[in-house]
Amino acid sequence: MDKDIAEFLKTYKTAIEESNAAVFAGAGLSKPAGFVNWKELLRDIAEEINLNIDKESDLIAVAQYHVNENGGNRGKINQALIDEFTKDVEITENHKILARLPIDTYWTTNYDNLIEEALKIEGKRIDSKITTENLAVTKPNSDAKIYKMHGDISLPHEAVLTKDDYENYNNKRQLFTTALQGDLVSKTMLFIGFSFDDPNLEYILSRIRILLGQNQRTHYCFMKQVQRDDFKEESDFLYAEIKQKLKVNDLKRYSIKVLLVSQYEDITAILKEVEQQYKRRNLFVSGSASNYGNWGEQRCLEFASNLSKAIIQNGNNIVTGFGLGVGSCVISGALEEIYKTRSQRVEERLISRPFPQNTTGQIPIKELWTKHRNNMIQNVGISVFMFGNKIDASTGAVIEANGMIEEFEISVNLGVIPIPIGATDFTAKKIWETVLNDFDGYVPDVGLRDRYQLLGDVSQTDKVLINTVIEIVNMLEKRKR
């Protein structure tokens, strides 16, 4: 992996964990959904005033010329915006990934509502800032703020598009400038689909550079590396290559680090890796025991408690369904460790969601359990399995925990990495055997097979088994401790 990408993954994941991550979306983020770029948007507008849009680089001026030639009337431009940005399009994978991440600050120069729609699908409450008046009020219990610094399709007549709009920006929308300055100072911004040709943003970045000098926060942006295949002539390619290098170096003045990708699909792969690395901080702990087997009750309960303590000590968070027998010790072990540090909030480090045992609703209880399991596991990156048995009500026999099997299957389907502690026997042993029989299909190849094999060794002490789980977690998270 490119060292700049690796450094970005580490830094941005940390920013997400500390609630300091933000996104700045440009037109390039929305284009794959089916929206046109600025040139295509203004093509007909340019033709009306006898200009060839393919020969124009100052598109803001083109829009202004059209308004000038129509006596100051921008009605056709407003209609072009409505026609383009109200059509039905598909939300992109990049929008979906960003919406799933706990990022609470979005800035965009786009007029469309793709970010809003993606967040709504994830059940998030949105506080949209379209006008300066919106900045004066706050929607309660919002999960994300979206700053539409150039306006929104719902108000096309107020969209920032012409030279007049840009020249009057600080008179009409000064508060947006102030708010963006604050976020660029205090948050780690990821620019996606942005060309850095916007005069407003350039002004804001230059003010921050002058004020902070060498003490600016590092931001990141994706940029597609110039490719020879994109040009007919070698000379054009070489010229574009030189210009891109100059652009990359110039952005360093503003403490913006460019992440060059070979193709736009690489951006999706990187965002997925951000999501996976973030989620791997959250561990789903699956365990239940009505029978304690050869271990005995005391050892089983102590193991569950000490495992959860170790997970919290390691800086990971626990999500659990409060399984039979050992579930209470998973909770108590985690709480004991969390309460040692006053600064830690229980609701951030431990999520316990017991399963309902009865229902009078319309959803059958087993279907409700499945929904409940999916909801718990969808926001974790690793699932740990231990023990796993129950008593058959009709025969009194000890049988495997089919709920744990379902949790394993859900984990696999969601791309969550399983860590079964086979030495604890029962269903966990069955899952451990399944994973070892197709190891590469379940676990990323980071040299973990020996450690997974150790988890099935019944001769190992509890301490060795727990330490091995933590080693695997840290290697999967790709972080050194």
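Predicted model: local features only at pLDDT ≥ 70, side-chain atom pairs only at ≥ 80, totals over all residues.
Q: Where in the chain is confidence lowest, and where is it highest?
A: pLDDT is the predictor's confidence in each residue, from 0 to 100. The chain averages 91, and 98% of the residues score at least 70. Confidence is lowest in helix α12 (residues 199-212), with a mean of 72, and highest in β14, at 98. Helices (H or I, at least four residues) and strands (E, at least two) are DSSP runs, numbered from the N terminus.

Q: In what order do the 7 strands of the open sheet lie?
A: Strands of a sheet pair through backbone hydrogen bonds, either parallel or antiparallel. Two strands count as paired if DSSP finds at least two bridges between them. Here the order is β3-β4-β2-β1-β5-β6-β7, with parallel pairing. β3 (126-129) and β7 (256-261) are the edge strands, each pairing on one side only. Within this sheet, β1 and β2 (residues 105-108) run parallel and are joined by 3 bridges; F24 stands opposite W107 in β2.

Q: Which strands does helix α13 touch?
A: Contact means heavy atoms within 4.5 Å. Helix α13 (residues 234-251) packs on the sheet against β6 (219-224) and β7, and its direction makes about 170° with that of β6. Axes are lines fitted to C-alpha atoms, for helices over the stretch in contact, and angles run from 0 to 180 degrees between N-to-C directions.

Q: How do helices α15 and α23 cross?
A: A crossing is left-handed if the near helix is turned anticlockwise from the far one by less than a right angle, and right-handed if clockwise. The crossing of α15 and α23 is right-handed. The axes of α15 (residues 297-313) and α23 (residues 462-477) come within 10 Å and cross at roughly 35°. Among the residues that meet are F303 and L307 in α15 and L465 and I466 in α23.

Q: What kind of aromatic pair do F24 and F194 form?
A: Rings of Phe, Tyr and Trp (its six-membered ring) pair if their centres lie within 6.5 Å; planes under 30 degrees apart count as stacked, over 60 as edge-to-face and the rest as tilted. The structure holds 18 such pairs. F24 and F194 are edge-to-face, at 4.9 Å centre to centre with 70° between the planes. F24 lies in β1 (residues 21-25) and F194 in the loop between β5 (188-192) and α12, 170 residues apart.

Methods
Residues numbered from 1 in each chain as written. Heavy atoms only, no water.
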